[in-house]
Amino acid sequence: MGKIKRYLITFPVILIILIALFLVFSKRLFNIDLGISLFSDSERTTSVAVLRDVREICSFNTIEYIYKIVFPLDFLPEDVAREVLADKQRKGVTLNPAEMVYLEVYDLCREIGIDTASKRGDFVVVTSVVKGGYDFTGTVFENPESAVNLNDTVRINKEENSLVIRLPDPVIADCIIEDATSENYPYPDIAINPEGWKKLTSFLSEKIKELVIEDGILVRADEKGKEFLERFFLDAGFSKVIFLQEENI
Amino acid sequence: MNSGQRRCSLGAGCLLILFSLFLFSCERNSIQDFDIIETHIKEILDLPAYEYVYRDIVYVGSEKKFLKIIPTRDTEVLFAIDVRVQAGIDLKKGIRLLPGKDKDITLVLPRAEILLVDADEASIEQYFAQERVGQIMRLEYYDEIDRKKETIQEDAVKRGILYRAEENSEKLLRNFLRLAGFEEILFIWETPPEESAG
């Protein structure tokens, strides 16, 4: 009698549990949506954008470097711990430039909450686009009336039908950190608030600019710019185009 | 096995099933194979000529509860960020110079286009960030910024950014040619603009 009673109690209990589980997990297990969930989600996102500023640009971009960096792994050594560097610094030992960068990265990670202690720590893949070219702002190309002596910048030799032109020095026109979204970022997301992200990207922008300059972005930008302008003026009817460098003036 | 032990093992079994299903039901972020990380160098011929800067005020709040009682996530953040819209001419699409008599010249150019819509990280101003349960994830707020970009771009076009970019590009190219001795410079834009003249 006791055995039957036990079955009469336990069987319905198991059945009820299984039915409840089916109802709750029906969507995930069998793709049947019964509108029942253990979790309740509430996402509130909103944004309002207003036009703040407009500005003229007077530049010519001729080269683009696209860099992908894995932060912080690209900046940290595998065999030097932060504590070792901090200890060296405390003892008054001068750190070499690479160690200074390691320490800077470790401190930045700590400040913005990126884990560097565990073997598979946090990481973020940052894509950056750096553009090189000429900025004509404030030059005679933007405002010919501003020239004190136009011959310093442009000279026409009618006999030879040639044009002598002095361009400004090439510059890094823009350093853009590509905006990642759920659709275009295939790696695990990183926990970081906007303020932390600002600090991280500010650090990376500086490092990326140094990298691209080392890689010769300005030289390439200059070559490419001159190549285009030479073609431009030859098509305009000149027989020869000579570019003057700063030291030729 | 006595009845007490049976009840215990039955309860434990049910809990195990429940726990397994709970784990199964949780979102899993699979780590995908990494692409080869590389650097590209691309030759461009962009003449960016005009930029509009929008201030975007973004609020992202996320709340998740288990059984509508136990919070498993409760975060919110409010910040402002500049979104830059840059317009200009992509000279790679073709530029033709047609010298005329004496000091006349005609330039045939591609129409101005939007060259860039980008959130400027350096301009971020965070008003508050609350992480009561869980953490604020970067893609959460970047998805919201991205969602707004299309509207911002449309607004910039409506406000005549393409028209202004053409005007400014024309000014720069005219100056180049004037300095090279040309007096009559005519501009022909190849396709009709997709915007009102602002």
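Entry 1: Before calling a handedness, I wrote down the rule: a crossing is left-handed if the near helix is turned anticlockwise from the far one by less than a right angle, and right-handed if clockwise. I also noted that the model is predicted.

With that rule in hand I checked α2(A) and α3(A), and their crossing is left-handed. The helix α2 of chain A spans residues 82-90, and its axis comes within 10 Å of the axis of α3(A), crossing at roughly 115°. On the α2(A) side I found A:Arg82, A:Leu85 and A:Ala86 making the contact, and on the α3(A) side A:Glu99, A:Tyr102, A:Leu103 and A:Tyr106. Sorted by class, that contact has 5 nonpolar residues, 2 charged and no polar ones.

Next I followed α3(A), residues 97-112, to α4(A): the two axes come within 9 Å and cross at roughly 165°. Angles over 145 degrees count as roughly antiparallel, and α3(A) and α4(A) are therefore roughly antiparallel to each other. I logged this crossing as left-handed too. Here α3(A) contributes A:Leu108, A:Glu111 and A:Ile112, while α4(A) contributes A:Gly196, A:Lys199, A:Leu200 and A:Phe203. The class count for the contact of α3(A) with α4(A) is 4 nonpolar, 1 polar and 2 charged.

**Entry 2: a sheet in chain A.** In what order do the strands of the open sheet come? I read β4-β5-β7 in chain A, 3 strands with mixed pairing. β4 and β7 (240-244) each have a single partner strand and stand at the edges, so one side of each is left without a neighbour in the sheet. On average, neighbouring strands here are turned by 15° against each other, ignoring direction.

I then looked at one pair in detail. β4(A) and β5(A), residues 162-166, run antiparallel and are joined by 4 bridges. A:Val154 has A:Ile165 of β5(A) as its bridge partner.

Entry 3: The loop between β4 and β5 of chain A holds A:Asn161. This residue has a positive phi of about 55° although it is not a glycine. I also flagged the peptide bond from A:Phe71 to A:Pro72, which is cis, with omega near 0°. I placed A:Pro72 in the loop between β2 and α2 of chain A.

**Entry 4: chain A against chain B.** How many residues of each chain are in contact? I noted 73 residues of chain A against 79 of chain B. On the chain A side, the elements that each supply at least two residues are α1 (2-30), β1 (39-56), β2 (59-71), β4 (154-157), β6 (171-177), α4 (194-214) and α5 (217-235). The largest share comes from β1(A), with 18 residues. By class, this side of chain A divides into 40 nonpolar, 15 polar and 18 charged residues.

Strand pairing also links the two chains. β2(A) and β1 of chain B, residues 40-66, run antiparallel with 5 bridges between them. One bridge I wrote down pairs A:Glu64 with B:Lys42 in β1(B).

**Entry 5: domains.** Last, I looked up how chain A is divided: domain 1 covers 1-40 and domain 2 covers 59-248. Taken over C-alpha atoms, the centres of domain 1 and domain 2 of chain A are separated by 61 Å.

Terms used: Residues numbered from 1 in each chain as written. Chains lettered and ligands numbered in written order. Predicted model: local features only at pLDDT ≥ 70, side-chain atom pairs only at ≥ 80, totals over all residues. Contact = placed C-beta atoms within 7 Å. Nonpolar A, V, L, I, M, F, W, Y, C, P; charged D, E, K, R; others polar. Pairing = 2+ DSSP bridges. Domains from an automatic or database assignment. Axes fitted to C-alpha atoms, helices over the stretch in contact; angles between N-to-C directions. Parallel < 35°, antiparallel > 145°, perpendicular 65-115°, else oblique.
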